[in-house]
Amino acid sequence: MNAMTDPARPDIQSGRLPAEALARGFSDLHPALEPHEVLVEADRCYFCYDAPCMQACPTSIDIPLFIREIQAGNPIGAAKTILSANILGGMCARVCPTETLCEEVCVREVAEGKPVQIGLLQRHATDLMMETGHHPFERAAPTGRRIAVVGAGPAGLSCAHRLAMLGHEVTIFEARPKLGGLNEYGIAAYKATEDFAQREVEFLLKIGGITIETGKALGRDIHLADLRRDYDAVFLGLGLAGVNALGLAEGEDQIGTRDAVAWIADLRQTADLSELPVGRRVVVIGGGMTATDAAVQAKALGAEDVTIAYRRGREQMNASPYEQEVAATRGVHLRFNLQPKRIFAEHGHVTGIELERTRIEAGKLVLTGETVTIEADQVFKAIGQSFVADGTDGEGAGIALERGRIQVDAARRTSLDGVWAGGDCIAEGEDLTVVAVEDGKIAAMDIHSALTAAERVAAE
Amino acid sequence: MADLTTSFLGISSPNPFWLASAPPTDKEYNVQRAFEQGWGGVVWKTLGEDPPIVNVNGPRYGAIWGPDRRLLALNNIELITDRALDTNLEEIARVKRNWPDRAMIVSLMVPCEEAPWQKILALVEQTGADGVELNFGCPHGMSERGMGSAVGQVPDYIEMVARWCKQHSKLPVIVKLTPNITDIRYPARAAKKGGADAVSLINTVSSIMSIDLDNFAPTPTIDGKGSHGGMCGPAVKPMALNMVAEIARDRETAGMPISGIGGITTWRDAAEFIALGCGNVQVCTAAMTYGFKVVKEMISGLSDWMDEKGFATIEDFRGRAAPNVTDWQYLNLNYVTKARIDQDKCISCGRCHIACEDTSHQAITSMVDGRRRFEVIDAECVGCNLCVNVCPVEDCITMEQIAGTDPRTGKPIPEEYDNWTRHPNNPMAAEKKQHAPAPVTMPDAAE
């Protein structure tokens, strides 16, 4: 404790920045391209054969085609191309780590280190589509089939939309008050400005045939056995409800220590960010995108010193080099090879954190015994989330898990008949919106073929 | 430093870059500014009879663009000068007095009768101008009144008017040709027969630049209607080069001085026209797009290139490419090439593959040993060059001449030159192989 110099009152307050600076910090990370910039950028696309970008996209958007449609003055056609492969193409244009997906393999990235800005072009087309107020898809003839979708995150929304389009009736059950999942509660505010998540949900629901039930949590308000009985199929897009704990000897429950995920959710739901308190000195524990998002937003709220402490090296960070760069250029201090040891507190309130230096020996993380103390008013934990199986087991036949998450096959079928799953809650979940969208789409197509096959059998 | 001076029909100018007869040369103010920037000469915008014509009061230009809105071609429905004849003559005389070292040519267009030509030629002579250019080229507006391209499309009229002009004036006569004709050699021959000293080409190409899909009318649109115009700029250069070459290598017109016009934008374009035999070049669209300063790039570029190549004067390379323009039937069928892809430069876009696979000869792989890789299959490659043209990387794909056996035909490649004239598949094959006619020699431009 002697390392702590000023264990005075914790400094956690709101309104640290004038309105203008606050607005600047939370403005669009990638502002939309101007119309002429769009044409110049679209022209850079070579319309590659069997394009690497398209192969790298988890939802297989026909990128060369949509860019050519933009080039030819048909951005609405481009949007249809995008949305037919990925109904959340608008959000993906904003939050996809394109630098590790489509843009990483763009032949211009390979050739000149400057890929076609696919994400921004996608945003241009989808924004224009949404501005028209029209929904580009029509529903097939009603099938009379009813499907329950549990969870209104990207996987659930994608699944619901595709099923509705195929003529099925869908009911979405969502525990939270708003739809969107992490798009609404988890994505950093500066990546989806102007209430984009809700606008996109509204756009998506215009397909029709989707009934919404919010405030309905699985295992509490609704039960899997009932859903399986009452619906022709069930899709689980439950996400990860749990957060990992540091497992420290002391300090983890002090005031000022929070889960980054919950703090970001609060932030996203705060209408006036000048009312959201933040510490003067903030330490974020973790190395993923949640860590960088929390740190950058703490800085944007006016925190003076923000440090990300990660127990491994920079190369092992899950946050992409680009995300690291965003954090660094916005004044976040990134520190590596530091593992939390204990959180200091006075009068029940956080005053700092002690971390122990690590190093990698033969591929294993080893503690060195040397410690470092960082003063802090707030400590955010961002060391991963976990699947909470509430509602999926204990109701008759339990659903099979794999590595703590739901086990599915290639078609996203679970071990339970008539139950599909996708998104972060499945074993293959990648914590990426675009992957969740693809899961929902694949599951919907498989549900559709299962139901139509059943119909054929019944008819014969 | 290379010497860029030219003497075209005895008219000297400090460099081969003249401004073509067009809006940039309509007034003393503009021409003065052009000479200040270094242009070697101008062809004053076409004079006509008084009262002056009128122009439309709506848009008179249309355009097509490439990436980043780079202007590829301009199209106009402007007519000849709309200023009084006296005003123009007065200004021409003053500019020539002030800039004696620059070429001053006056473009003319009057009805197809002897008297009006005689009358206007006398007036032009008094200005001290160095020569006249007969505008037989404009494809819009004036052609509806029997002038411009309406004359240029009838070789007999060309010959007739050229003869009047030579008869009634001592000034050198240049005939400006319209490209809106099937065979450019006929009007060129007519100009020569009429006694014209030179031809200049090409004038603009009849065109509709685009259709406005909101009001279903051509652009530029005047009160809901549009009329075809004359197209110029970078997009017309290949057509112009071909027409210049046709005249340069035609036995009847070979050696006739040519002033090259058509999409000249940089020094390189100018050098290409001169290499085909042009004694100088005329520029319009580049100046109308970027202003008169572009001539500075043209001068330095041409001069530096000539230094690099060891050409001391324009005459040193003028016409060098003309003998290499030949007829298809004389091309060497034993010249066999294969595409070569430089794998270090290849960015794997696959455009060569899909172009060849879908539209040509299935001679480029997309996958080798399970990996994305583009390689030429010599046994299929006909050496067509399409892959070179669609590849976005310069010099990544090149054509290489091969010897020995052609893997495509399995037959040995004869070393000697052979052509279509006696090919067994040619129903008209001659007993003996015919060779291209001996190349025509380029006489001095000043002749």
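The expected span of a helix is taken as 1.5 Å times one less than its number of residues, and helices (H or I, at least four residues) and strands (E, at least two) are DSSP runs numbered from the N terminus. Helix 2 (residues 85-98) of chain B, with 14 residues, reaches 20 Å from its first C-alpha to its last, close to the 20 Å expected at 1.5 Å a residue. This is a predicted model, in which local features need pLDDT of at least 70 and side-chain atom pairs count only at pLDDT 80 or more, while totals for chains, interfaces and linings use all residues. Residues are numbered from 1 along each chain as its sequence is written, chains are lettered from A in the order in which they are written, and side-chain values use heavy atoms, with hydrogens and water left out.

**Open sheet of chain A**
- In chain A, 5 strands form an open sheet in the order 4-3-2-5-19 with parallel pairing, where two strands pair if DSSP finds at least two bridges between them.
- Strand 4 (210-214) and strand 19 (419-421) of chain A each have a single partner strand and stand at the edges, so one side of each is left without a neighbour in the sheet.
- Strand 2 (residues 146-150) and strand 5 (residues 233-236) of chain A are paired in the parallel sense over 4 bridges, and A:I147 stands opposite A:A233 in strand 5.

**Helix 2 of chain B**
- The buried residues (under 20% relative accessible area, with a 1.4 Å probe and protein chains only) of helix 2 of chain B include B:L85, B:L89, B:I92 and B:V95.
- Among the elements covering the buried residues of helix 2 of chain B are helix 1 (28-37) and helix 3 (114-127) of chain B, contact meaning heavy atoms within 4.5 Å.

**A:R359**
- A:R359 is found in strand 13 (residues 349-361) of chain A, and its 44% relative accessibility makes it count as partly exposed, a class that lies between under 20% (buried) and over 50% (exposed).
- The side chains of A:R359 and A:E361 are joined by a polar contact of 2.6 Å, a polar contact being a pair of N or O atoms within 3.5 Å, of which, within protein, one must be able to donate a hydrogen and the other to accept it, and residues adjacent in sequence count only if both atoms are side-chain atoms.
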